[in-house]
Amino acid sequence: MSAAALAGLRVVEFAHMVMGPTAGLILADLGADVVKIEPTPDGDNTRRLTGSGIGFFTMASRNKRSVMLDLKSPEGLTVARRLIGRADVLTENFRPGALDKLGLGYAECGAANPRLIYCSLKGFLPGPYEHRTALDEVVQMMGGLAYMTGPVGQPLRAGASVIDIMGGTYGALAVLAALAERERTGLGQHVQSGLFESVAMLMAQHMAQAAITGTEPKPMSARDVAWPVYDIFDTADGRKIFIGVVTDTQWRVLCAEFGLAGLANDPVLSTQAERRAARPRTLPVIASAFARLTETELIARCERLGLPFAPIARPADLFEDRHLRDSGGLVSVSLPDGRRVDLPGLPISMGGERLPLRRDVPAAGADSRNVLAELGYGEAEIDALIGLGAVGANG
């Protein structure tokens, strides 16, 4: 059982929104002690987002501790420096230079703590664009993902903060690599992850396609499908389901199971290339066969036959997904109003088990007193710092 693989590792998180907190979430779920630094007096502004951002903080804050500091005060800054001096990792995703102005850049922190791994999560890695302001949508547009996602002539961002989450994941990966290197050298280093570069990584397959074929890839909505069946179909009960048929064996199974002898015996449908070319005339026949069955019936047949399939789900459907529930893939955390909700855990298992919840989503400053005590502050000193407003505590 390795659910606490990073136990004993201290991470200080200076991060907000999605990218930085995602990196911290991964490290926290893997067992690290992640101390999230929030501004006084009200905590991270991400807690107060509305609309599509209302779930950001809840999603990314389990298994972390919260300390509120006023980094503009000398006393709050001293606490931060003491915490960083005892940390293994620092993560930050503020605008370029923001922490440097406070004396908390890599040069200062690395000099004070040579073993520190300092992870900067930015819109762009160093280069001509590094000082631009980036958002998930900005880099999706400029990196080609929106072009590939939307209909022809209508670029469309993906339906989740996919690049923020990917950028945070790459940041955590860089931290883990730097930790491995520190085992050999005894020294930390500055590692970085970029949103724009994360989009470029997603576009690598399409770039390679363009180089190989000499033809610009079309948006996925207008792509030339590579398989005989790779489509969304209507069911008898008004639902929709995706079904793919991508091998010769699957084609034979499809035809036998769904009464498509005419297609099975057609001499010009004997190869994948022929079947792909004949899609305009074969798909209506296949769609008609599927439309006679309900979604439940079609799912049961596809699952029994080993055909790739997927019902078209909405995000809220995942709360009751039996695979996520039965496999331990959902983690129960508290919402801001005190209700509990099951949200997806990291999509990995270790030692055959999913990673558990160790700490609920913290209130702002919930752990300030305990963390300062661990740093050697006495109770009277902590009270004084709270009285000055340099430290915020909740409880």
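The chain holds 17 helices and 14 strands, counted as DSSP runs numbered from the N terminus (H or I, at least four residues, for helices; E, at least two, for strands). This is a predicted model, where local features need pLDDT of at least 70, side-chain atom pairs count only at pLDDT 80 or more, and totals for chains, interfaces and linings use all residues. Residues are numbered from 1 along each chain as its sequence is written, and side-chain values use heavy atoms, with hydrogens and water left out.

**Overall build**
- Along the principal axes, the C-alpha atoms fill a box of roughly 85 × 45 × 40 Å.
- Out of 395 residues, 43% count as buried, meaning under 20% relative accessible area, while exposed is over 50% and partly exposed lies in between (1.4 Å probe, protein chains only).
- Take the contacts (heavy atoms within 4.5 Å) between residues at least 6 apart in sequence: 70% of them join residues at least 24 apart.

**Helix 1 against helix 8**
- The axes of helix 1 (residues 19-29) and helix 8 (residues 162-185) come within 7 Å and cross at roughly 50 degrees; axes here are lines fitted to C-alpha atoms, for helices over the stretch in contact, with angles from 0 to 180 degrees between N-to-C directions.
- Helix 1 and helix 8 are therefore oblique to each other (under 35 degrees is roughly parallel, over 145 roughly antiparallel, 65 to 115 roughly perpendicular, and the rest oblique).
- On the helix 1 side, Met19, Thr22, Ala23, Ile26 and Leu27 do the meeting, and their partners in helix 8 include Gly167, Gly168, Ala172 and Leu176.
- The residues of this contact split into eight nonpolar, four polar and one charged, with Ala, Val, Leu, Ile, Met, Phe, Trp, Tyr, Cys and Pro as nonpolar, Asp, Glu, Lys and Arg as charged, and the others, Gly among them, as polar.

**Helix 6 against helix 8**
- Helix 6 (residues 136-143) and helix 8 have axes that come within 8 Å and cross at roughly 95 degrees, which makes helix 6 roughly perpendicular to helix 8.
- Asp136, Val139 and Gln140 in helix 6 meet Val162, Ile163 and Asp164 in helix 8; that contact has three nonpolar, one polar and two charged residues.

**Helix 10 and its two faces**
- Gln250, Trp251, Leu254 and Cys255 are the buried residues of helix 10 (residues 248-257).
- Arg252 and Ala256 are exposed on the face of helix 10 turned away from its buried side.
- The buried residues of helix 10 pack against several elements, including strand 7 (229-234), strand 8 (240-245) and helix 13 (279-290).
- Just after helix 10, Gly259 takes a positive phi of about 65 degrees.
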